[in-house]
Amino acid sequence: MTHTMLKGSNVALQATAVRAVLRWAPSSDVPDVDASALLLGADGRVRSDEDFVFFNQPRHPSGKVWRLGKKRLAEGLTDTIQADLAGLDEAVSKILIVASAEDVPFEHVRALRISLYDVAREGDEPYAVFDVKPETGEETALICGELYRRKQGWKFRAVGEGYLNGLVGLATDFGISVDESDNKAEATAPTAPAAPTAPAPVPAQPVVPAPAPDPQPAAAQPQPQPAYGYPHQPPTAPPTPTPATQPAYGYPQPASPQPAYGYPQPAPVAQPVQPAPAPDPNFKLPPQGPQFIGR
């Protein structure tokens, strides 16, 4: 027999192990829904972060509560939490069955239902069902139902209470340590300046070898000095020297004219050869004295 639950109602369980199945109608605009479970102590809070079973921690360390995962059925999509009630630590007094939609309001999730099954019973008929309706539609996380101890047994209550700050806000409210400082620090930390880039190495220039010295260097040639103020004349070979003519003894020699500085010199004019004068017939030697007589 299936018990149809209303919000706030409860039913006693005879089962020692149960499956809590969340189901919703698929659609193009329906967000993905995740099922989670929180194991609470007598004070209504978790004992440690290990008491949070969700998509990043799908199994409790005790092995008594775990997430079965999602399925696609003819009537919709499902996500399931299973719990072994008989094997749970007595310090656990309550298990919350939670649905979250990744910060998407539940007003977009249609036909959300939680169905509770007795694992030991065969067949597809649930023991209890509860159609979860958010109060405002702005909720992004919902406590669909809770399993809680009552004397020596367990009961199931239909809850339907929501949170506007998603699964993080709900988990924090029950004592889970959610450290978002790393993400905030990463988002607000100033970007470290880039390390200075070393200058690109300048490619080495090839060393050009010096030309080998000429083993027989040419003799330095004196450069002719130009005549001051006149166009330069190309150098000419020096004239071949001619032997000087010995002057006739006793006759005056014409003076060698000095060239005017810087002017071309006229070629010398040949002088006519004068015949030697005839000897004087009356010429006599002067008298010789004893100083001229040889001894």
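Lys70 is partly exposed, with a relative accessible area of 36%. The model discussed here is a predicted one, and the values that follow are computed from its atoms.

The structure holds eleven salt bridges in total, and three of them are described here one at a time. In one of these, the side chains of Lys70 and Asp32 meet with an N to O distance of 2.5 Å. The two residues are 38 places apart in the chain, with Lys70 belonging to strand S6 and Asp32 to the loop between S3 and S4, and the pair therefore links distant parts of the chain. In general, side chains of opposite charge can pair when their charged atoms come close.

A salt bridge is also found between the side chains of Asp34 and Arg67, where N and O are 3.5 Å apart. Here too distant parts of the chain are linked, since Asp34 sits in strand S4 and Arg67 in strand S6, 33 residues apart.

The side chains of Lys64 and Asp84 meet in a further salt bridge, at 3.7 Å from N to O. Because Lys64 lies in the loop between strand S5 (52-53) and S6, while Asp84 lies in strand S7, this pair ties together parts that are 20 residues apart in sequence.

Through shared partners, salt bridges join Asp32, Asp34, Arg67, Lys70 and Asp79 into one network.

## The largest pocket

The largest pocket contains about 530 Å³ of space. It is lined by 22 residues, of which Arg19, Val21, Leu73, Tyr117 and Asp124 are the closest to its centre. Two or more lining residues come from each of strand S3 (17-24), strand S6 (65-73), strand S7 (76-84) and strand S9 (113-118).

Which strand gives the most to this lining? That strand is S6, with five residues. By residue class, the lining of the largest pocket is made up of eleven charged, five polar and six nonpolar residues.

## Strand S11 and its partners

Strand S11 is largely enclosed by the rest of the structure, because eight of its ten residues are buried. Strand S8 (residues 94-100) pairs with S11 in the antiparallel sense over seven bridges, and within this pairing Ser100 has Ala141 of S11 as its bridge partner.

S11 is also joined to strand S12 (residues 153-163), again antiparallel, by nine bridges, with Tyr148 standing opposite Lys155 of S12. S11 and S12 form a hairpin in which two residues lie between the strands, and Lys151 in the turn has a positive phi of about 55°.

With a relative accessibility of 5%, Val132 counts as buried. When residues up to four places away in sequence are set aside, Val132 touches Leu112, Arg113, Ile114, Leu142, Cys144 and Gly160. For Ile114, which is 18 residues from Val132 along the chain, the separation between the two C-alpha atoms is 7.2 Å.

Ser36 belongs to strand S4 (residues 34-40). Is this residue buried or exposed? Its relative accessible area is 0%, and Ser36 is therefore buried. Apart from neighbours within four places in sequence, Ser36 is in contact with Phe52, Val53, Phe54, Ile81, Leu96, Ile97, Val98 and Leu167.

Definitions and conventions
Residues numbered from 1 in each chain as written. Predicted model: local features only at pLDDT ≥ 70, side-chain atom pairs only at ≥ 80, totals over all residues. Heavy atoms only, no water. Buried < 20%, exposed > 50% of the residue type's maximum accessible area, 1.4 Å probe, protein only. Contact = heavy atoms within 4.5 Å. Helix = DSSP H or I, 4+ residues; strand = E, 2+ residues; numbered from the N terminus. Pairing = 2+ DSSP bridges. 1 Å grid on protein atoms, 1.4 Å probe; cavity = no way out; pocket = protein on both sides within 12 Å on 5 of 7 lines; lining within 4 Å. Points joined across faces, edges and corners; volume = space filled by probe spheres on them. Nonpolar A, V, L, I, M, F, W, Y, C, P; charged D, E, K, R; others polar. Salt bridge = Lys/Arg side-chain N within 4 Å of Asp/Glu carboxyl O.
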